[in-house]
Amino acid sequence: MAATQLTASPVTVSARSLASLRASSAKFGTLKPGTLKQSQFRSLVVRAASVVAPKYTSIKPLGDRVLVKIKEAEEKTMGGILLPSTAQSKPQGGEVVAVGEGRTIGKTKIDIDVPTGAQIIYSKYAGTEVDFNDVQHLILKEDDIVGLLETEDIKDLKPLNDRVFIKVAEAEEKTAGGLLLTETTKEKPSIGTVIAVGPGSLDEEGKRQPLSISTGSTVLYSKYAGNDFKGKDGSNYIALRASDVMAILS
């Protein structure tokens with residue numbers, strides 16, 4: 001029988017919630033049950049992983065779900081500097097170890113395209129974490145897989161479904177008036193060049209609908225969409241859904 005265990009992921013508290021806590025403490029001295037409203041706790045985040053007991057020897061995903069062995073977090077920077085556990089970025093990749101039987105759209109049976117053994121990149125907040133044989137795994141839907149990665153460099157990502165992979169343009173170094181911008185004042189670009197596109201999403205009959213966006217296009221995309229990555233050459237990339245591309249620039 002599966003048990004639940006809290007991971008070591010930190011609890012995050014927003015500045016607004018912290019201010020509310022301080023204000024309540026100052027007003028009431030000691031906080032009492034019912035002092036704080038439920039809305040003040042919405043920004044408290046605790047992530048948990050389901051621990052599978054040793055008596056279970058396999059996990060079989062159902063439907064369009066995939067079981068992924070999570071890649072270990074990087075312990076060093078590209079320059080070789082050791083990172084403390086709190087500074088290690090959470091992995092967004094891993095190896096597919098089992099797949100479900102697929103899904104049915106209308107009268108069409110759709111098999112999962114991603115094979116076992118494939119190295120994948122998935123959406124940052126997708127799936128459910130599972131501790132199986134003391135190894136961290138993730139069960140997620142196939143649609144939460146961003147793309148396949150056949151090399152060690154993110155620039156070679158092969159996007160899936162309706163995803164678009166973009167090399168982000170460099171941030172402007174100067175304002176329109178010629179003033180130099182510091183790193184903290186540079187605005188995050190929302191323009192880039194499409195370097196790969198997925199095969200498209202499935203329609204109601206289970207047929208692929210090719211994307212209208214082509215490689216090589218310069219596009220304007222939604223600023224807060226998608227998943228950000230940094231390549232080995234230091235370039236910034238983003239993978240997002242085609243619907244988050246707002247315009248083609250020429």
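**Rings, cores and strands**

Analyst: Let's start with two residues: Phe-165 is buried, and Tyr-237 is buried too. Buried means under 20% relative accessible area, with exposed over 50% and partly exposed in between (1.4 Å probe, protein chains only). This is a predicted model, where local features need pLDDT of at least 70 and side-chain atom pairs count only at pLDDT 80 or more, while totals for chains, interfaces and linings use all residues. Residues are numbered from 1 along each chain as its sequence is written, and side-chain values use heavy atoms, leaving out hydrogens and water.

User: What makes Phe-165 and Tyr-237 a stacked pair?

Analyst: Rings of Phe, Tyr and Trp (its six-membered ring) pair if their centres lie within 6.5 Å; planes under 30 degrees apart count as stacked, over 60 as edge-to-face and the rest as tilted. The count by that rule is 1 aromatic pair. Here the ring centres of Phe-165 and Tyr-237 are 5.4 Å apart and the planes sit at 10 degrees, so the pair is stacked.

User: How do you know that the pair links distant parts of the chain?

Analyst: Phe-165 belongs to strand 12 (residues 163-168) and Tyr-237 to strand 18 (residues 236-241), 72 residues apart. Strands (E, at least two residues) and helices (H or I, at least four) are DSSP runs, numbered from the N terminus. The protein chain has 1 helix and 19 strands.

User: Which residues touch the most other members of the largest nonpolar core, and what makes it a core?

Analyst: They are Val-114 and Ile-120, in a core of 16 residues. Strand 3 (65-70) and strand 7 (119-122) are among the strands that each supply at least two residues, and strand 3 gives the most, with 3 residues. Apart from this core lies another of 12 residues, including Val-168 and Leu-240. In soluble globular proteins, nonpolar side chains tend to be buried together.

User: Why are strand 7 and strand 10 called paired?

Analyst: Two strands pair if DSSP finds at least two bridges between them. Strand 7 and strand 10 are joined by 3 bridges and run antiparallel, so they pass that rule. Tyr-122 stands opposite Ile-145 in strand 10. Strand 10 also pairs with strand 11 (residues 158-159), over 2 bridges in the antiparallel sense, and there Gly-147 has Pro-159 as its bridge partner.

Definitions and conventions:
Core = buried A, V, L, I, M, F, W, Y, C linked by side-chain atoms within 4.5 Å.
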